[in-house]
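Subject: Structure handover

Dear colleague,

Here is the structure for your files. Please look it over first; my notes follow below.

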Amino acid sequence: MKRILALCLAAGLWACAAAPALRVEKDFSFPAVSNAQQVKVAVFRACAKQGWKCSPVTPDSAEAAFAREGRQVWVDIAYSPRSYAIVYKHSTGLNDTQKGQDVLVNPVYNRWVKRLSAQIDKELQNINQAGLQSPSQGV
């Protein structure tokens, strides 16, 4: 009986070992964030603070890579003056598999992306605060 229970638990844990790759699409409205360059600065600062290596691809997109404990992931980040998106590109060591339109990946990927997204949000808030306090904004 204990052996059957152990096998069921192991099977259940294995089934939970893959989750759909998180796709972040965020719209925002900060009065002092008015161009894609400011959003790009926020994205690159956030990547640096979270340990991601970020490289520009086009004027409104970048590729970011993160590595930890033998695992690596690459994402595409698109940005505009009012939004940004983080999309899974590929990985090594995260056991990704294609399931229809979705990519299933180790849940650690989703944690990394959530942290990156939260940091981008903080950086955008910082840029907005600095812009609102700037004398050039006028009151």
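Contact here means heavy atoms within 4.5 Å. By that criterion, residues 24 or more positions apart account for 55% of the contacts in the protein chain with a separation of 6 or more.

This is a predicted model, and local features need pLDDT of at least 70, side-chain atom pairs count only at pLDDT 80 or more, while totals for chains, interfaces and linings use all residues. Residues are numbered from 1 along each chain as its sequence is written, and side-chain values use heavy atoms, with hydrogens and water left out.

Overall layout

The protein chain has three helices and eight strands; helices (H or I, at least four residues) and strands (E, at least two) are DSSP runs, numbered from the N terminus. From the N terminus on, the order is α-β-β-α-β-β-β-β-β-β-α. Of the 139 residues in the protein chain, 35% are buried, where buried means under 20% relative accessible area, exposed over 50% and partly exposed in between (1.4 Å probe, protein chains only). The accessible surface of the protein chain is about 8,700 Å², and carbon and sulfur atoms hold 56% of that; the areas come from the Shrake-Rupley method with a 1.4 Å probe, and for residues only the protein chains shown count as cover.

The core

A nonpolar core is a set of buried Ala, Val, Leu, Ile, Met, Phe, Trp, Tyr and Cys residues joined through side-chain atoms within 4.5 Å. The largest one has 33 residues, and Trp52, Ile77, Ile86, Tyr109 and Leu124 touch the most other members. Two or more residues each come from helix H2 (36–50), strand S4 (61–68), strand S5 (71–80), strand S6 (83–92), strand S8 (102–105) and helix H3 (108–133). H3 gives the largest share, eight residues.

Leaving aside residues up to four places away in sequence, Ile86 touches Leu22, Arg23, Val24, Val75, Asp76, Ile77, Val113, Leu116, Ser117 and Ile120.

The three-stranded sheet

Three strands form an open antiparallel sheet in the order S1-S8-S7; two strands pair if DSSP finds at least two bridges between them. Strand S1 (19–20) and strand S7 (97–99) are the edge strands, each pairing on one side only. S7 and S8 are joined in the antiparallel sense over three bridges, and Gln98 has Val103 in S8 as its bridge partner.

Arg111

Arg111 lies in helix H3. Arg111 counts as partly exposed because its relative accessibility is 45%. Arg111 and Leu22 are 89 residues apart in sequence, with a C-alpha to C-alpha distance of 9.0 Å.

Regards
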